[in-house]
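Subject: Structure handover and notes

Dear colleague,

Please find the structure below, followed by my notes on what was found in it. I would be grateful if you could read the notes with the coordinates open beside them.

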Amino acid sequence: MLELEKIEQTKEFIDKLANGINPLDDSFIPDDDLLNNIKIARCMFYVSDVLQNVCDYLKDLNGTSKKGKKEPFSITIEQLNRYDFEKESIPISKVVSKINELINQDEISKLKVSSVTEWLLKENLLTFHTMPDEQEYKIPTEKGLEYGLTSEIRMRKDKNYPIVLYNMNAQKYIMDHIDEISNINNKTDASHVENDGKPWNSIQDEQLVEMFHNGLTIKEIADEMKRTYGAIRSRLLKFGLVESKNKL
């Protein structure tokens with residue numbers, strides 16, 4: 001892996017951690033975890049900005065930098081037709097990586113794993129499940145199982161955790177709905193930047209609770225408050241307003 005690619009991958013991990021998401025399996029980090037401390041989150045956002053500057057510098061140095069902002073994620077039918085479906089079931093991170101390999105990443109923003117899983121949650125193919133360690137993980141619903149999603153238990157640091165895998169049918173289902181997923185991906189890019197990493201105040205907390213009680217979904221609240229899905233969910237968990245089986 002090239003040095004620039006290593007830095008970009010590191011930045012992607014830092015971004016997820018800063019937004020309260022485990023970069024290894026895209027599960028939400030518990031609200032009381034040290035990584036969800038606002039001071040640490042702000043430090044990680046700062047590190048992310050530094051890494052972005054390093055990436056831009058290396059691209060300029062190598063003559064690969066593209067002037068201007070990248071275009072929102074999009075992919076053509078011709079590009080999708082080049083997707084190499086895996087016969088074995090694979091995690092969503094690999095599915096997304098294979099999709100991003102089909103686009104010109106110097107000019108087009110990448111598809112994010114979180115955008116795909118958010119769409120899968122919205123379509124009721126995934127749901128949240130609380131493990132014995134009280135940490136939330138995503139698992140397939142009955143509908144998800146019908147479409148080719150499965151889960152298996154793996155171990156990390158003496159802890160069991162479920163990982164969702166996608167067979168060929170599930171991969172094809174994602175390809176067939178890539179436009180809907182793209183809309184989520186690009187809307188997230190446009191709306192979730194302004195308040196990422198900023199501390200909450202009492203007025204924002206009141207707005208959050210009011211919107212939740214008015215029936216808005218977490219995604220709708222995130223769009224309104226210009227924060228990530230994970231940040232809104234973590235805040236609602238803090239106030240005891242949502243649990244693993246509550247509305248998403």
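A residue is called buried when its relative accessible area is under 20%, exposed when it is over 50%, and partly exposed in between, using a 1.4 Å probe and protein chains only. Helices (H or I, at least four residues) and strands (E, at least two) are DSSP runs, numbered from the N terminus. The buried residues of α10 are Ile218, Lys219, Ile221, Ala222, Asp223 and Met225, and the helix is followed by Lys226, whose phi is positive, near 55°.

Please keep in mind that this is a predicted model, in which local features need pLDDT of at least 70 and side-chain atom pairs count only at pLDDT 80 or more, while totals for chains, interfaces and linings use all residues. Residues are numbered from 1 along each chain as its sequence is written, and side-chain values use heavy atoms, with hydrogens and water left out.

Overall composition

The protein has 11 helices and 5 strands, and buried residues make up 44% of its 248 residues. Taking contact to mean heavy atoms within 4.5 Å, 60% of the contacts between residues at least 6 apart in sequence join residues at least 24 apart.

Nonpolar cores

A nonpolar core is here a set of buried Ala, Val, Leu, Ile, Met, Phe, Trp, Tyr and Cys residues joined through side-chain atoms within 4.5 Å. The largest such core has 45 residues, of which Val95, Ile99, Tyr166 and Ile232 touch the most other members; its largest share, 5 residues, comes from helix α5 (residues 113–122). A second, separate core of 11 residues includes Leu17, Ile29, Phe45 and Leu58. Once neighbours within four places in sequence are left aside, the contacts of Tyr166 include Ile92, Val95, Leu120, Gln171 and Ile174.

Helix packing

For the packing of helices, axes are lines fitted to C-alpha atoms over the stretch in contact, and angles run from 0 to 180 degrees between N-to-C directions. Angles under 35 degrees count as roughly parallel, over 145 as roughly antiparallel, 65 to 115 as roughly perpendicular, and the rest as oblique. A crossing is left-handed if the near helix is turned anticlockwise from the far one by less than a right angle, and right-handed if clockwise. In sorting contact residues by class, Ala, Val, Leu, Ile, Met, Phe, Trp, Tyr, Cys and Pro count as nonpolar, Asp, Glu, Lys and Arg as charged, and the others, Gly among them, as polar.

Helix α4 (residues 92–100) and helix α7 (residues 168–176) have axes that come within 12 Å and cross at roughly 50°, which makes α4 oblique to α7. This crossing of α4 and α7 is right-handed, and in it Ile92, Val95 and Ile99 of α4 meet Gln171, Ile174 and Met175 of α7. The contact of α4 with α7 comprises 5 nonpolar, 1 polar and no charged residues.

With α5, α4 packs at an angle of about 120°, the axes being 9 Å apart, and α4 is therefore oblique to α5. The crossing of α4 and α5 is also right-handed; Ile92, Ser93 and Val96 of α4 make the contact with Val113, Val116 and Thr117 of α5, a set that divides into 4 nonpolar, 2 polar and no charged residues.

Helix α9 (residues 202–213) and helix α11 (residues 229–238) pack at an angle of about 90°, with their axes 11 Å apart, and are therefore roughly perpendicular to each other. Asp205, Leu208 and Phe212 of α9 form this contact with Ile232, Arg235 and Leu236 of α11, and the residues involved divide into 4 nonpolar, no polar and 2 charged.

Individual residues

Leu35 lies in the loop between α1 (3–18) and α2 (38–62) and, at 30% relative accessibility, counts as partly exposed. Apart from neighbours within four places in sequence, Leu35 is in contact with Leu17, Ile29, Ile40 and Met44; the C-alpha atoms of Leu35 and Leu17, 18 residues apart along the chain, are separated by 7.1 Å.

Asn124, in the loop between α5 and β2 (126–130), has a positive phi of about 60° although it is not a glycine.

With best regards
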